[in-house]
Amino acid sequence: MADDDDYYEQYSNSSSDGEDVDLVSEDDGIAMESEDAAGVSNNVRESQEIESRTMTVKDLTVEMRDTINDVANIVGISPGMCRILLHKFQWQKESLLERYYEATNADAFLRQAQVLPKVAIEKPISNIGDCDVCCDTTQLCGLACNHLACDTCWKSYLETKITDGNTSEIQCIASNCRLLIEDEKVLHYVTDPKIRAVYEKLQINSYVETNRLLKWCPTADCGRAIKVQQSEARPVLCESCRQRFCFGCSYEWHEPVNCRLLKLWMKKCQDDSETSNWINANTKECPKCNATIEKDGGCNHMTCRNQACRTEFCWMCLGAWEPHGNSWYNCNRFDDSNAKNARSAQEQSRAALQRYLHFYNRYMGHQQSLRLEAKLYATVKTKMEQMQQQSMSWIEVQFLRKAVDVLSECRRTLMYTYAFAYYLKKDNQSMIFEDNQKDLEMATEQLSEFLERDLENENLVTLKQKVQDKYRYVDHRRQILLKYCREGQEKEEWEFNA
Amino acid sequence: MDSCSRRLMKELQQLSTEPPTGIICSRDIASDDLKQWRVEVVGAPGTLYEGERFTLQFRFSPQYPFSSPEVMFVGQNIPAHPHVYSNGHICLSILADDWTPALSVQSVCLSIISMLSSAKEKKHPIDDAIYVRTCNKNPNKTRWWFHDDTV
């Protein structure tokens with residue numbers, strides 16, 4: 001047990017770090033509240049955010065143990081077996097108990113869950129024998145299935161499974177025996193505190209990963225899990241590192257685009273963007289086999305290098321070369337119908353690329369600006385300090401930070417509107433969306449420009465008024481756009497091309 | 001002697017005194033330190049590989065039997081089989097995820113013979129060309145996906 005305590009201490013240390021972070025952000029909260037009291041109708045908190053609880057590893061351990069004990073008391077089996085059972089039922093206690101009560105044969109139910117052996121071989125009379133694993137003649141022991149091995153081999157087996165196999169659900173040492181080993185047995189053999197700590201971590205990880213109401217915070221090294229009441233693709237906030245992410249896909253919150261389209265979009269961006277940019281600018285395709293060709297000099301009489309194709313064509317009009325005859329240096333066959341068809345096919349594929357790049361460039365543009373907003377935070381911080389020296393109180397100057405917060409949120413939203421718009425089918429709905437997008441974009445750029453340029457030229461009283469007016473307007477535009485998207489989603493009015 | 005060598009010694013003894021049908025145990029089957037073995041297996045009667053002889057190479061790490069041995073076909077005759085690549089690598093779950101210390105050289109050989117026996121067609125996996133060009137020399141470094149339990 002002492003080992004366990006060490007393990008927790010390690011975590012409680014890190015959680016006190018987390019509390020420091022919390023303190024800072026709580027201050028933020030106070031500032032925002034006072035702003036609200038002064039008449040700010042909106043803050044940066046996502047309206048869609050689901051109620052959630054940020055849990056440390058310690059919280060998770062307590063919760064997991066409580067659930068296990070509840071079930072153990074009812075079903076009457078050891079806590080270790082209960083953990084396996086609950087794991088099988090994705091930690092849905094109610095559905096587990098329901099099935100348990102429905103089952104006519106409790107043992108068959110437990111066998112099915114790999115908690116009891118499917119077939120137990122007969123227990124030998126003497127517990128001294130040849131260990132099948134190390135071949136020593138010694139005292140042997142086993143699980144309920146009576147597959148025997150010596151203590152040393154059990155220990156090595158479990159330790160290897162924990163450290164190399166990365167799993168807390170370990171099967172019996174015998175091949176083809178699917179019986180899972182309960183925690184009590186595992187801990188009986190595994191005594192090394194380091195490996196025990198790994199095992200506890202694996203248990204917690206398995207608890208979070210199989211539980212539909214829990215997700216790890218995606219921030220590296222944060223180590224907290226977020227618990228919700230109902231699993232939905234909506235934003236949650238990690239109270240510890242202040243990361244807001246989508247509970248559906250663990251990616252940063254990406255409204256208005258949904259998880260499925262975002263995934264498609266990210267994949268597309270990874271696959272295409274840079275290469276297609278270059279291809280678009282520098283190459284044409286063979287009109288017959290569509291091989292991409294870069295022309296780096298020479299005349300317009302092209303012969304496709306593709307050995308299977310070898311089509312001869314004109315670089316200018318992409319028509320067959322034959323009718324060009326002697327006028328090889330100057331294509332005058334523009335209206336030739338073959339060439340026209342070849343060009344229109346090519347134009348279509350170009351147009352698709354152009355379209356993609358249109359959205360991609362704007363998506364990337366906002367992402368880039370969002371990164372640069374980190375610099376703006378620093379500028380604003382200096383300005384806030386200046387203002388405090390001049391007569392304003394700490395609370396009074398917070399409006400500037402708030403403005404940058406709003407700006408960042410708008411950039412993020414705009415970014416994802418381009419992923420959304422890329423897949424959107426063109427109709428009346430999408431045109432209204434584009435108008436909303438345009439309005440938000442313009443307002444965002446104005447706020448951005450003001451914060452970048454005009455901070456120094458204003459006197460303090462008018463500055464505060466202007467900044468507040470601007471960010472309220474921008475945030476208002478953002479809410480309108482998101483509301484419109486949400487309503488469309490509820491009525492299932494959006495039509496996508498993917 | 002460490003437990004790994006003791007176990008290998010015992011397995012070698014058992015295999016050479018009473019080799020099961022289909023496994024041929026010659027004198028120089030194992031290297032002096034027992035860490036590398038070459039075992040010959042014979043295709044079972046009534047199957048596509050009837051009478052054919054293949055050589056299996058086993059390599060053991062000091063963690064054996066807790067970690068799986070590295071097993072592959074070597075020599076001139078590599079069986080054409082949907083789970084055997086032309087470089088000798090074998091896609092078999094008990095050699096990776098499903099390995100347990102209770103398995104042995106003998107049980108691996110028998111599993112491979114039975115895997116050969118259930119083949120309906122003599123050909124390498126569809127991704128053979130690309131796999132052979134890109135894989136690690138050690139088959140245990142490959143992350144196998146076991147998608148076909150019928151063969």
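Trainee: Which residues of α2(A) and α8(A) meet each other?
Mentor: From α2(A), V57(A), L60(A), T61(A) and M64(A) meet I204(A), Y207(A) and V208(A) of α8(A). By class, that contact has six nonpolar residues, one polar and no charged ones. Keep in mind that this is a predicted model.

Trainee: And at what angle do the axes of those two helices cross?
Mentor: The axes of α2(A), residues 57–75, and α8(A), residues 193–210, cross at roughly 75° and come within 10 Å. Angles of 65 to 115 degrees count as roughly perpendicular, so α2(A) and α8(A) are roughly perpendicular to each other.

Trainee: OK, over to chain B. What is the order of its elements?
Mentor: Starting at the N terminus, chain B runs α-β-β-β-β-α-α. That is three helices and four strands.

Trainee: How much of chain B counts as buried?
Mentor: 30% of its 151 residues.

Trainee: Which strands does β2(B) pair with?
Mentor: β2(B) pairs with β1(B), residues 23–24, in the antiparallel sense over two bridges. β2(B) also pairs with β3(B), residues 53–59, again antiparallel, over seven bridges. I23(B) has V41(B) as its bridge partner in β2(B), while V39(B) stands opposite L56(B) in β3(B).

Trainee: Which face of β2(B) is covered?
Mentor: The one with W37(B), V39(B) and V41(B). Q36(B), R38(B), E40(B) and V42(B) make up the uncovered face.

Trainee: You mentioned L56(B). What does that residue touch?
Mentor: Leaving out residues up to four places away in sequence, L56(B) touches V39(B), V41(B), V71(B), F73(B), C109(B) and I112(B). V39(B) and V41(B) are on the covered face of β2(B).

Trainee: Which residues touch the most other members of the largest nonpolar core?
Mentor: L56(B) and A149(A), in a core of 84 residues. Helix α2(B), residues 105–117, gives the most to this core, with six residues.

Trainee: What about the second core, how many residues has it?
Mentor: The second core is separate and has 34 residues, including V257(A), M415(A), L481(A) and C485(A).

Trainee: Last topic, the contact between the chains. How many residues does each chain bring?
Mentor: Chain B brings 13 residues and chain A brings 12. On the side of chain B, six are nonpolar, four polar and three charged.

Key
Residues numbered from 1 in each chain as written. Chains lettered and ligands numbered in written order. Predicted model: local features only at pLDDT ≥ 70, side-chain atom pairs only at ≥ 80, totals over all residues. Contact = placed C-beta atoms within 7 Å. Nonpolar A, V, L, I, M, F, W, Y, C, P; charged D, E, K, R; others polar. Buried ≥ 20, exposed ≤ 12 C-beta atoms within 10 Å, placed from the backbone. Pairing = 2+ DSSP bridges. Axes fitted to C-alpha atoms, helices over the stretch in contact; angles between N-to-C directions. Parallel < 35°, antiparallel > 145°, perpendicular 65-115°, else oblique. Core = buried A, V, L, I, M, F, W, Y, C linked by C-beta atoms within 7 Å.
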